[in-house]
Amino acid sequence: MANLTGLLFAGGLGFMLLSIASGLDFGAPPMLVGSEIQAQAPQQTGAVNIVTSVVLGYRAIDTLGELSILFAAAVSAGLVLGRRHTTAGTQSRGGFILQCGGSLLFPLMMTIGFYIIFHGHLTPGGGFQGGVILAAAFFLPLLARPGAKLHHQSLSLIEGFAGASFILIGLLAMLEGKAFLQPMLIQDTLGQLISAGTLPLLYLAVGLKVGAELASLLSRLIQTEAPQ
Amino acid sequence: MSTNLVLTIALPLLGAFLLPVLMRSSVAIALWSGPAILIYGCWILAELWLSGFTQPVSIAIGGFAPPLGINLYVDSLALLFAFAVQLLGLIFWPFTLDRESARRQSLMLLLVAASSGLALSGDLFNLYVFYELAAVATFGLASASGSSAAYVATLRYLILSGIGSVLTLFGIALIYSQTGTLNLAHLAQLAPQQLNNGLGLAAFLTILIGIGVKAELFPVNTWVPEIYATASTRLSAFLAGLLSKLALLIILRLLLLIFHQPEAAQVILILGILGVISGELAAWRAKEMKRMLAFSSIGQLGMIFIAMSLPDGKGMVAVIALALHHLVVKSGLFMLAEDWGGAIQRLRGSAKASPLGAALFVLFSLSLVGMPPLPGFWAKFVLITELAGQVEPLYLLGLAVFLLATVVEASYLFRVAAILYGNPAEETLGEEIPKSQGLALLSASLFGAGLVATALLIAPVGESLQAIAAQALDIDLYIGTVSPVISGGSQ
Amino acid sequence: MTSAVTPELILYITAIGLITIGLAGVVMSSHLFRMVLALVIAEAGANLMLVLAGYRWDAVAPILTSLAEPAAMVDPVPQALVLTAIVIGVGIQALAVSILIRIHQRYATLDRREAAERMDAEIAATLGVPRDISQEEPLGERPLPPLPADRANMRGDSP
Amino acid sequence: MILTLLDELLLFSGATLLVALFIGRGLAAGWMVTILYAGQLLVLLKMAVLGYEGGSIASSLSLEVMGQAMSWRFDALSWFFALITIGSALLSSWFSCGAWERSYIRQGGNIWLFHTAMALNVFTMLILLASGDLLSLFIGWELVSWAGFLLMALAGGVATKAAMRYITYALAGGMAVFGGLALIHTASGSLQLDAVVSAVEQMGSGKLWLLVILFGGGFGVKMGLMPFHLWQAPAYAETPGPGSAFLGAISSRMGLFAILLVLVKLFGIVNIDSLKVPFTLIDARDLLAWIAVFTIILPTFTAMKQNDARHLLAWHGIGQGGYMLLGIVVADAMGGAGGLLHVFNHATYQAALFMAVTAVIYRTGTSDLNKLGGLVVRMPLSFMVLLIGIIGLAGLPPMNGFVSKWLVYRSLLNQGMPLLFLAAVIGTLGTILSVYKLIHNIFLGQLRVEHEHVNEAPWSMMIPMLLLSAIIFITGLMPGIPLEWVASALRTVGLPVPDYTLGGVESASGSLDMIWVIGVLFAGFGIGAVVFYSAGRSKRVHQLDNYAGGHFLSADVRYQYSDNFYAGLMHLIGGWYRGSFLWLERGITSLVEFLSLGMQGLYRRANAEFYLLTTALFVIAWVVI
Amino acid sequence: MNEIELWILLLLALTMLSAAVTVLLVKNHIAAVAAASVVSLGLALVFALLRAPDVAMTEAAVGVGLSSLILALALRRLGLWKLDVSGVESNPLEHPVENRDG
């Protein structure tokens, strides 16, 4: 019965959505806002990567909300899974190669992560991607030797202060008499690291925040004891 | 001055981020930082309101002119709801101090921030983001009660709202690919040419279903009884009282500003009628307090949807009046249910134990049913006079359903009242009668006092409601305030 | 575009197919874990839909190479939106998974129907009301197995 | 601002309420409240000009909410009803003071709540009577309903159940009125009376039908009209003594007032007369008349099988309401007068009867007709009051009930409605039979052993009862006194007025002069007495001074059974008529039960597929097509 | 968007759709997770083709890497980390579930 209704529903939904989408014209978006942003982004935000300028400039508060969602998810997961058990996961410790690889890879991944974060406004990539890589870097040792545990104090400190600094940068702009989250100290020299003013800082905050959240999520998932 | 409004969103977020760290350093500061932030938010809004707030304002975030950047649109309605958010956040603050209180409180702050964003934001996708934030915070708080049932209920809620968010994203994609903008005012400008077609309608319906999950719209409100029965009463009060109204506010804005197709209103009407029928009937034989309140709030929101579906904003006053009334009354009822949760039969004779609580329950029930001098009557009166004015038979059906539902509502509410005032049954003489007391009773009596005050000042309140409705209805005012202009518009 | 198989056809069918398969999976699957997976897929489809909304023929990625002649770029805004949406999705997914783990610990089942049944039973028990007829299993479904003793006593507190 | 008399009255009533609310616990409270009622009565009498010349007094209070203006005023009709209201409230609360109060408290009753509920009822009824437009009418209407609920639910237990039933009925009626209000508002754009009148003129018959059904049904619920009468008897009967006297006297007459105001004054009998019932020969007015007649007959015969005195009286209250509506629907000079006059008369004797029964309960502790008997030797005064009351209730001379019923019959004959007349007479027959059951089972027959030492009711109860009996007799002797008020009330609602004298009415088709009737009656009694005392040698013997089957009787032998009175008659008639409506009620209840079960199931088995399927179908329907 | 891209696109689309169906139908949960990550991988490539490098990177990092990691860990915690096909009945406490999946 459930199958039947489900298939019926799927068919109906797919048919409906297709019939809707058939009315769309592909490949020629109106781009009212888009083209405008392309025209003004370099001056207004000093970012070459326009997606970055949208994420951190024009729609910065979306990013803030998104960080909050990650934070909320992490906190909720903490609430759900209870407090962390220091006992490690039940799986057997990884082999020699994995351990060595982990200890070798760790600094490398950190570097890559920070590079991606800092060049978010120049090249593809940015806080999210870099943050994920940082999280992976933090997480690798846990996979390698399950006994090792993250330093949760520092992790939650990073969680808190990264997010806070994002907001504080925004409030700083308000103190300067600008609007909330308005980008500042934009140089006119495009294409350098410093040209985008506070954007890299914001992205750093984002990256640290994302990394910390994800790392704590992962560690929580792996570190509470498994059933039976 | 009005730019401070951003703080009502930013400060709770800041507090939420820092609370776990603070909690580690000094518990006292951490415990009081949350309420302090909320009080400050109340103060900001109250100051703005008292400083002769008449014309709506638009605040550009990041200093980018609206269609490019995101803006907050603040008119009397939004201000009212933003104030309600801060105030109710304060009233429903999770004061309980235990190992998890830092997490719970920071989630509460996130919820408050998201709610303010929902009330103020003027950008479609930004609304979606805040909506998701509110959803995630709600999941956390709902599962915080720690009972196994709470986890299942939360998961079902999560999956349902996940479906909703997928549909919402789909609708947003449709709208963007049609118009190339996300700003509500800009959309309102472009809608008559570009969204007044089947595509726009489809976008609206998908978004309606998505947002309707929180607004307790009929087909997607199955999470309501479970969550309200398992989650903490304060959270239920916040959800039923405020968050549903905020989701409703979004739908209202979309309907007023962008989507003028009659079919949209008709779908809302049908769903509203179904909601009233299902909610009130299901509440009629509910055996526990919270579940009864949950079902009845489904019914009430259905009534608001019926009011919303009235053509060209006729029902605006009714929507606002019903929403505010339900906000006050249902919050108060849930506050009473904090001590009186569980089986209704258990409450036999509670009136002797806590006369004030019983009196408040009767007051709220009377107002909910629409007993004349109380505000509920006026809200319902405005609605049915508008409904009876319609020629469309569907609206008259709505009228009939509305009246019958009121009878059902009265019968189950007053069954409870009769039980409260009845004498304790023999078999229950042994155990102690649950009595409503403490903070819950205090806040409940706050709501009751507000209700009575409104009843006494009904005439000025009615006028200001009409003014608010008129302002919210004025599309040109909205567009003019935000003034989205594309200077070097391509195309 | 010589062939009849135009990219937009492929892309739209892909996006909508993902959404449909995902939602149908949420609706049909009786296993909670599969429901979460299906939700992930549906979100992927929605993201693709959003990106498609900003695609533009013969345009370059929205990264300025030189200020001299700004080439036609695809719309950057939807990409920003999708960035946000993806991260939101993973957050919700993680939360859902952790709730799943708890449910599995408490109820020792991940079957949707049984979990719902046990939830009803527990709500009725905690609220101290007899379960309605309406809460019973409809005809033709198997009765609920008793809650194992070791699970039954671990309410409230985390194990 | 200067206070008008109406303001004074309302303020006085509000003050009564506050007094009852704040100092209602003390034993002196009863007296204080009674005195305040007397004060209200005085203020009302200062307005007596309304009752004689007509006209209207406006209240200086008026309100404008969301574009709806509300005003309050008194005219002759309101004055007439207010007189009955306050009068019955005064006497009932007087009755409740002292002895009854103490016993009530002894039985664990909450006297404070009792006084408060009573004062609240009076206050809300005055507000309703003062309503100057439909909105304030509706507000007053709801207030009265909920106040009545409070008074009915006082006793707890069975009373609460009855009150719940009442409030469900009343709210359904209220919602019907609410819907009618909305329709009228759309038709006339406002709820002011004159606007409504003008709107009714150019209203289609279909819409007028709808309105008549909505309003008639809504107000009829409170009156206990035929299909909606089930709630009334238990609700009134279970109310603590004086409360039931008050409610039985006036409460359900508020429905009649509203019907007079809306159906007669605003819509006009003529318009209602023009509404034909499709596929039949009769029109809406005949329909109402027949509903009234059935309301007379069935509850009266239901009353006959009651074994509890209070329930019996309460059922009669419903039946008597039918006479009033009948007279008003006939709407000629005599009918209207009879109907309105019957409101007054019924209030007097119903209150007296309830008080007498309450006195019996106070002394014997029961109102079960199968457990009483022979009390006439112990409580002669109560017996007399009850006798006077049932003579009035049965509509026999020389009491006032006769006058109003005579007027109604007369008008029925004048208007050539023999069937209705016949039905009404059948109703009266049932009344006589059942009231005989009442007085016989309580006062006649053999005195019970356990009641050997019962005394007469205390004076605090006796005085109001005697006052009422006096009123019953005097207004029976000189119906001209109330007829004068009735006449001006009739003028305000636009009904014809009979030319009345102090003793009755004059009309071409037959006039009535109660002074003559009663003179002749008493002359007959006198002759009979003379014959009796001059001729026969009569010897006074004790009730038990006789023997049966060769045995002398003693007090503990039951030789005279009054259990299950009229069993044969009841068997003859059968219980179907009451059962049918109970079945209707149960049917509706179980329907709601079933639906709500289904809805809960819907939410319980929250299968997303079903909901999303419906949703998808919606969207397909709206988009693709 | 030239021919080669078109064919790549077609290939990816087919892969993704079939993987998506696999997620729902396959009995083994590990396989399901793997299929899900295949879907995100294809999605990342499609994004790259659609001139959205940032989104592509994010999808690759988050969808392919992170979410599969989360799901895998969850599988382990749920005791579903079994390679045999009867992976559904993993827990002795749990009585057999008839699969509505396939």
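A polar contact, as used here, is a pair of N or O atoms within 3.5 Å; within protein, one must be able to donate a hydrogen and the other to accept it, and residues adjacent in sequence count only if both atoms are side-chain atoms. What is on screen is a predicted model, in which local features need pLDDT of at least 70 and side-chain atom pairs count only at pLDDT 80 or more, while totals for chains, interfaces and linings use all residues. Residues are numbered from 1 along each chain as its sequence is written, chains are lettered from A and ligands numbered from 1 in the order in which they are written, and side-chain values use heavy atoms, with hydrogens and water left out.

**Chains A and B**

Select chains A and B, where 54 residues of chain A are in contact (heavy atoms within 4.5 Å) with 59 residues of chain B. About 4800 Å² is buried between chain A and chain B, and carbon and sulfur atoms give 73% of that area, buried area being the accessible area (1.4 Å probe) that two parts lose on being put together, summed over both. Now show Leu32(A), Ile61(A) and Leu79(A), which supply 14% of the area that chain A buries against chain B, more than any other three residues.

Three residue pairs are in polar contact between chain A and chain B, both residues being at pLDDT 80 or more. The rule also finds one salt bridge across this interface, a salt bridge being a side-chain nitrogen of Lys or Arg within 4 Å of a carboxyl oxygen of Asp or Glu. To see it, select Asp123(B) and Arg59(A), whose closest N and O atoms are 2.6 Å apart.

**Inside chain B**

Move to Lys380(B) and Glu409(B), whose side chains meet in a salt bridge at 3.6 Å, N to O. The pair links distant parts of the chain, with Lys380(B) in helix α16 (residues 375-388) and Glu409(B) in helix α17 (residues 393-421) of chain B, 29 residues apart; helices are DSSP runs (H or I, at least four residues), numbered from the N terminus. Lys380(B) counts as buried because its relative accessibility is 3%, and Glu409(B) counts as buried at 0%, where buried means under 20% relative accessible area, exposed over 50% and partly exposed in between (1.4 Å probe, protein chains only).

**Chain D**

Finish with Arg378(D) and Glu452(D), which form a salt bridge with their closest N and O atoms 3.0 Å apart. Arg378(D) is partly exposed, with a relative accessible area of 26%, and Glu452(D) counts as partly exposed at 27% relative accessibility.

Methods. Helices (H or I, at least four residues) and strands (E, at least two) are DSSP runs, numbered from the N terminus.
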